[in-house]
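Subject: Structure for your files

Hello,

Here is the structure I said I would pass on. My notes on it follow below.

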Amino acid sequence: MKFSELIIPTLREAPADAEVASHILLVRGGFIRRLASGSYNWLPLGLRVLKNIERIVREELDRAGAQEILMPVVQPAELWRESGRWDVMGPELLRLTDRHDREYCVSPTQEEVVTDLFRRVTTSYRQLPCNLYHIQTKFRDEIRPRFGLMRAREFIMKDGYSFHLDEESFEATYAAMHACYAAILARMGLDYRAVDADPGSIGDGESHEFHVLAESGEDEIAYSLTSDYAANVEKAEAAALPGDGSVQPILRTHTPGAKTIEAVAGFLDVDTTRCVKTLIVQADSEDPGLVALVLRGDHQLNEAKAGRVEGIRRPLEFASQAEIEAALGVGIGSIGPVGLALPIVADSSAAAMPSFVCGANVDDYHYIGANWQRDVADNVRVVDIRNVVEGDPAPDGSGPLKFLRGIEVGHIFKLGTKYSDAMGVTIRDASGRDIVPIMGCYGFGVSRMVAAVVEQCHDGDGIVWPDAVAPFDVHVVALNNTKSTDVQTVADRLHHDLQAAGLAVLFDDRDERPGVKFADADLIGIPNRITVGDRGLREGIVEYRRRSESVVQKLSPDAVIGALARTA
Ligand code: ATP
Ligand code: MG
């Protein structure tokens, strides 16, 4: 295809709102253009990449036995009421009303619709297992749409759902989908990890995420240096670290103005690992109203873990300064477990400390040498509520843990019977028993994937597309073609012959300076580049270069066709 006939609006400058490489390069390279916050137009180059990713996803899913269908984007509210999610979903769900005042939502996911479809179309247990998927637009009114395609409001997802008579059948399909996602990512040539994940609000069971590794990733992954263990940091179980030191006598001390752990540790000249911090959150009932969470000073609270502790409101909600002062008569910086009249949930590493510094529940006072057994009432439960940190042992006993950043492109879940139960789905099995089918759910971010590829595959000059997803296979750059008939003739012939050999060719036939053409070629990132210029033609050669390599090969036009045709 001729560059001059396509809309490829490349830009020299990065858009003002772009923070990450994929957003900058996809806009600069003329792949996408923003319509509104978190929504993008796909231009010809971008759409070609998107379609390539869709094709790979489709081929691998079909090979794994999944069936493609297509479900509507606008969904009736009744189905969401049936599952109970109409009221549970917050403002991320875009709701609308039609001319008859009937309520709908724009699909953020499809469990309700697919479960409804399944109950209408399956009549016999012989139709199970049944694994359905579609590739469709989703809308989520994300609180912070950002990073271009990575966290959009309108995006394209492959979502799949499976139905099973028993666990064994579910496990087999789950394993097949796990392998299928690995195959998709391997075909794209990406460095990725599959990790244990938190199922969030979608399911309660096991779940795995697939992450494309990239520094700009929003997620942090913990993996063991000595075993296969890998998990999202949100989910990774933290070991109870042994506490340092010995039991000390307790002493109350004045700590004027020291409100944070760092300030207290600095003031008392102790390490933050010898201090505990106490956070106050909402309980799930009026009595006791509030709950105290205690962590070692250098550890961070894991809100998902804390939200799952019995008696704590889910999702986790911190108490306000005013609520704390009303309940405890002390400011946030001076709270501690000694003499605290609230239920206490201590992280297992905080609970293992033989003596610690903590707030004295009097403004500007702290205890030194506090001890759980001697000084704290027996209102303490010991639970894992912290984020793992690098260097921790892994929960399988191996380690130490190291961290990597990743972009979540896929997430597979075990749904159990959450939706089939709520929506009253049953299938009569061979022995006449009514079975509530077990469900699995398999999401893949097709449009996010475009950005994830760019995050992993770019350099200072632009994108370096892997062959499998590149918008074109070959970029023919003709230098001074509007002045040189030789160049125009050879470039035209290459364009034609390479296409005839089954390659997708972008032919830069524009009347532009060589510098502009090279800069655009680097930016757009097509994997193979052929440069046709007068100087080379006088020697009977054209220049061939891989975008990912700096070596330039001088080949005759026929040899270049032969070399590239072999890779097609
Ligand atoms: P995240 O934690 O990133 O919000 P999620 O857990 O909400 O993701 P799922 O509901 O599992 O995501 O959706 C399946 C896939 O859809 C994700 O793995 C991701 O690739 C993609 N996806 C989710 N939200 C977005 C978004 N706002 N923009 C683009 N892709 C998205
Ligand atoms: Mg989300």
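Which strands does helix α14 lie across? Helix α14, residues 485-500, lies across β26, β27, β28 (528-532) and β29 (542-546). Its direction runs at about 170° to β27. Please keep in mind throughout that this is a predicted model.

The sheet

Those strands belong to an open sheet of five, ordered β27-β26-β28-β29-β30, in which the pairing is mixed. At the edges are β27 (505-508) and β30 (552-555), each of which pairs on one side only. From one strand to the next the twist averages 20°. Strand β26, residues 474-478, pairs with β27 in the parallel sense over four bridges. Within that pairing, Val476 has Phe507 of β27 as its bridge partner. Helix α15 (residues 514-524) also packs on the sheet, where it touches β26, β27, β28 and β29. The direction of α15 makes about 170° with that of β26.

The core

The largest nonpolar core contains 60 residues. Leu26, Phe31, Ile53, Val409, Met449 and Trp465 have the most contacts inside it. Neighbours within four places in sequence aside, Met449 is in contact with Ile53, Leu185, Met188, Leu190, Val212, Val409 and Phe444. As background, nonpolar side chains in soluble globular proteins tend to be buried together.

Salt bridges

There are 42 salt bridges in the structure. In one of them, the side chains of Glu218 and Arg146 meet at 2.6 Å, N to O. This pair links distant parts of the chain, 72 residues apart: Glu218 is in the loop between β10 (207-213) and β11 (219-224), and Arg146 is in the loop between β7 (130-139) and β8 (154-164). Glu218 counts as partly exposed because its relative accessibility is 29%; Arg146 is partly exposed at 23%.

Another salt bridge joins Glu220 and Arg405, with the closest N and O atoms 3.5 Å apart. It too links distant parts of the chain, as Glu220 is in strand β11 and Arg405 in strand β20 (residues 401-416), 185 residues apart. Glu220 is partly exposed, with a relative accessible area of 29%, and Arg405 is partly exposed at 27%.

Asp298 and Arg296 form a salt bridge as well, the closest N and O atoms being 2.8 Å apart. Asp298, at 29%, is partly exposed, whereas Arg296 counts as buried because its relative accessibility is 12%, and the limit for buried is under 20%. Elsewhere, salt bridges with shared partners join Arg55, Glu59, Glu60, Arg63 and Arg187 into one network.

Regards

Technical notes. Residues numbered from 1 in each chain as written. Chains lettered and ligands numbered in written order. Predicted model: local features only at pLDDT ≥ 70, side-chain atom pairs only at ≥ 80, totals over all residues. Heavy atoms only, no water. Core = buried A, V, L, I, M, F, W, Y, C linked by side-chain atoms within 4.5 Å. Buried < 20%, exposed > 50% of the residue type's maximum accessible area, 1.4 Å probe, protein only. Contact = heavy atoms within 4.5 Å. Pairing = 2+ DSSP bridges. Helix = DSSP H or I, 4+ residues; strand = E, 2+ residues; numbered from the N terminus. Axes fitted to C-alpha atoms, helices over the stretch in contact; angles between N-to-C directions. Salt bridge = Lys/Arg side-chain N within 4 Å of Asp/Glu carboxyl O.
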